[in-house]
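Keep the structure open beside you and go through them one at a time.

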Amino acid sequence: MFEMRKSYKLILSMLIFTLMIPVTAMGSGETAASGNKTGASGEPAAPTYSDVSVHDPSIVRDGDNFYVFGSHIEAAKSTDLMNWTTFTNGYTTPNNVIYGDLSQNLATSFKWAGENDSDSKGGFSVWAPDVFWNDSYVNADGTKGAYMIYYCTSSTYIRSAIGFGVSQNIEGPYTYVDTLVYSGFTAGEAYDANSVINKKWTNTNIPQLIEDGKLSGSSDKWFNSDGTFSNITYPNAIDPQLMFDENGKLWMSYGSWSGGIFTLQIDPATGKAVYPGKDSVTTDGRLVDRYFGTKIAGGYYKSGEGPYMVYNKETDYYYLFDTIGWLGADGGYNMRLYRSKNPLGPFVDAAGESAVLQGDTDVSAFGNKLMGNFLFKREVGDPGTGIGYGYVSSGHNSFYQDPDTGKMFLVFHSRFPQEGENHEVRVHQMFMNKDGWLVTAPYRYSGESLEKVNREDLIGEYKFINHGKGTTADLVESSYITLNKNNKVTGDAAGTWKSTGHNEAELTLDGKTYKGVFVKGWDPESEQFVMTFTAMSDEGVTIWGSKQEDKTDSQVVADIIADLNIGDTSRVIANLNLPSEGMRHTPITWTSNNPDVVSAAGVVVRPDSGSAATAVTLTASVTKGAVTSSKSFDLTVLPYEDATLVAQYSFENDLTESTGGYGAGTVTGNRIDITGGTISYTAGVNGQAAILDGNSGVRLPNKLIDSNQYSVSLWVKPEQLTTYTTTFFGAKDGFNWVSLVPKGPVGDNTMVWSGSSVWYDGIAGLTIPTGTWTHLAYSVDNGTLSVYVNGELKFTGSNFPDIFTGTNSVFSLGVNWWDTPFKGQLDELQVYEGALSPPQIVELAG
């Protein structure tokens, strides 16, 4: 799952993998009662939600409470799957809620990975637990029955371990019992960076298993020719999930992206693994390893993690969920589904493709895609606020079926559009389609039930999402289709539709047939229950629809006119984002009474410094059918104001600040808070320049910037370009920062990149070269960001976060807390109060 980025995005994502829990058999869920009070229409009352952040949530029920356990020792509980409260204290030790004396209790697992070691240096890495009640477990005192927690600890992308503990209380503390599976071991003595752990295979549990006769011996196949762990074939030992099969046997599925996902049988009485003991292959040619078990999915360094398996007694299939892609907001994390008649596989998708990869191929082509990055976009005139309803990088799911109502639920974590790495637990109801495949409701669970639908209630216009099959960070934005009375589908996709049975949906669009259900769901934008559909094709592609309120053309135009807003018109200083389309594909056209200052496309040309402000009127015309209406906006376009220099570092063989307003910089090591490092000097753009060697940086004075109107200018000559590497960096704390990067995370563009409550990408549209001096500058003017390269404006955008006002922020050159340091030369750093005007930019770049 993961590319081990040593970047802020990785750390902020709280880098984790998920796990899920053993569950009862699934049913159709066609009749289900809600605990919510119903409204006058018979629908549930308007739902309320209390959200929590539990990454990789694994669900289990105990009495009236639902629990989700996740990575980083986070957990929460709920009585209705909508309102959650946490009860944990993270990595606190010794009084850890889940593990008691964490360091002491899990010492055997930590001896291999996860405590103050390598990637977990200075802390812990305990991920993706699975909790369930096991009637058959024999406790130390001879009694039977215990809650069991299977967890994983990890120090690198392949060196991990899976262990388990038991408790009589679902909320813990859990007492450690054993560590079952190790990964990342080597043939001979070897050590990872920042680690004193000898990775040789003899330091795992394998020698003892051989001595006990549970393994026939070690395997040369575990290692590459150089003795390293062969993670192209074998798994990273993370993300355990336990399941009882139809015959009462207990199985643990586990693993992540490198060598694939494996399954081991577990002895219910002891909780320990029943290892195959010797190598073999399944009848369909899949690997059975003496130690790791049977491969059921993935392989060849391809993403795929967080397995979750469940049995459906009605279809007599075992369903296997996993998640592919990178977990960060920029990674397109998405859930896939397969099924098999056997918990050991083979698992296949709707197209009959195997879950086990046969080579180094695109993993996105395999598995039924349950959902991807999507946005039911809020257009001008639509109800609600903001950009609409959508998810980003949803995944690492678990599954629950209510034994009384038959309702089925997909439980996962998700990030959200324009919200950076913030993530929360989400629960969506699932349904079985006509072909025996699970499909997912478009909206989060709100107490709704799958009921008989009236055909007349289905006819109308829908916002439409086609999730496709790919893994991408791009958002699939909603389009529009209409389900007509004659069973034709028109709009942005064409075809036919029908409803069979009480609620079955079948749509044939552009030659592809999708099968699913019609079900009402709670639309958070309109704040009402609306008709939706969810369906899937034989290729494993999911489509969703959300019915729109019936409106006349006059109502549509009136709603758009009422909602149309272009922001603060009293002090226009940047280009305007003028919408060209409102709700229901309604065109919006603009005219300007002074296009030389503000064009009909919203391009703003500000008066020169010292000039008077200019008044402009923009008029929007909205047309739907035969109905037209207009709305005018009076704008005041402000002139440029020359910015004032407040700090200058010229690197004339030292790090002094020449205006006298601030102190000198100090040399750092390879992180902003690490001492050491060296700075040397050479001929630069103007006099001398600083040479940064790729292991050093410069710490600048705190509070170098303390406003939301400022500019930064400097000359940059990179020797190499590495993603995320900063030239100029400022931060209020580890969660609120601004970084000027020559090679950023969006298409390798040079950019001003910021992390706060949302990620902000000020993309230059190019990547500056190595070995050449380039002038970079950016200004912030009360939320308007402008980015310049060699004196040319390359980006302008609004809503840039105010990071520095009223804070004791830290600043640096070439280093931050996370990423590869800058290697190359820097010259003439200048910091200004106010936004630089174009003439000032040209002068600085000259």
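1. Start at Val 667: its bridge partner is Val 698, which sits in β42. This is a predicted model, so read every value below as computed from it. The two strands involved here are β39 and β42 (residues 697-700), and they pair in the antiparallel sense over 3 bridges.

2. Now zoom out from that pair. β39 and β42 belong to an open sheet of 7 strands, in the order β39-β42-β51-β44-β45-β46-β47, with antiparallel pairing. Which strands form the edges? They are β39 (666-668) at one end and β47 (759-763) at the other, each pairing on one side only. On average, neighbouring strands of this sheet are turned by 20° against each other, direction ignored. If you follow side chains along a strand, remember that in a regular strand they alternate between the two faces of the sheet.

3. Part of this region carries an annotation. UniProt lists residues 708-839 as "domain: LamG-like jellyroll fold", and the entry is unreviewed. In the model, that stretch is 2% helix and 51% strand. Its end C-alpha atoms are 21 Å apart.

4. Pro 745 is worth a click while you are here. You'll find Pro 745 in the loop between β45 (736-741) and β46 (751-755). Leaving out residues up to four places away in sequence, Pro 745 touches Thr 723, Tyr 724, Met 751 and Trp 753.

5. Next, the domains. The domain assignment gives domain 1 (70-301), domain 2 (374-547), domain 3 (555-637) and domain 4 (644-844). How far apart are the centres of domain 3 and domain 4? Taken over C-alpha atoms, the separation is 35 Å. Where these two domains touch, 5 residues of domain 3 are in contact with 4 residues of domain 4.

6. β25 runs antiparallel to β27 (residues 479-483), with 5 bridges joining them, and here Tyr 462 stands opposite Ile 481. β25 is also joined to β33 (residues 542-547) by 5 bridges, again antiparallel. In that pairing Phe 464 stands opposite Gly 545 of β33.

7. Some backbone details deserve a second look. As background, most residues other than glycine have a negative phi, and most peptide bonds are trans. A cis peptide bond joins Thr 93 and Pro 94, with omega about 15°; Pro 94 is in the loop between β4 (85-86) and α2 (102-105). Another cis peptide bond joins Gly 345 and Pro 346, with omega about 5°. Pro 346 belongs to the loop between β18 (334-340) and β19 (368-371).

8. Finally, two residues with a positive phi. His 72 has phi near 60° and is placed in the loop between β2 (65-70) and β3 (74-78). At 13% relative accessibility His 72 counts as buried, because the cut-off is under 20%. Phi of Asp 239 is near 60° too, and this residue lies in the loop between α4 (206-211) and β9 (241-244). Asp 239 is buried, with a relative accessible area of 0%.

Notes
Residues numbered from 1 in each chain as written. Predicted model: local features only at pLDDT ≥ 70, side-chain atom pairs only at ≥ 80, totals over all residues. Heavy atoms only, no water. UniProt positions renumbered as here; feature names shortened; annotations may be inferred. Helix = DSSP H or I, 4+ residues; strand = E, 2+ residues; numbered from the N terminus. Pairing = 2+ DSSP bridges. Axes fitted to C-alpha atoms, helices over the stretch in contact; angles between N-to-C directions. Domains from an automatic or database assignment. Contact = heavy atoms within 4.5 Å. Buried < 20%, exposed > 50% of the residue type's maximum accessible area, 1.4 Å probe, protein only.
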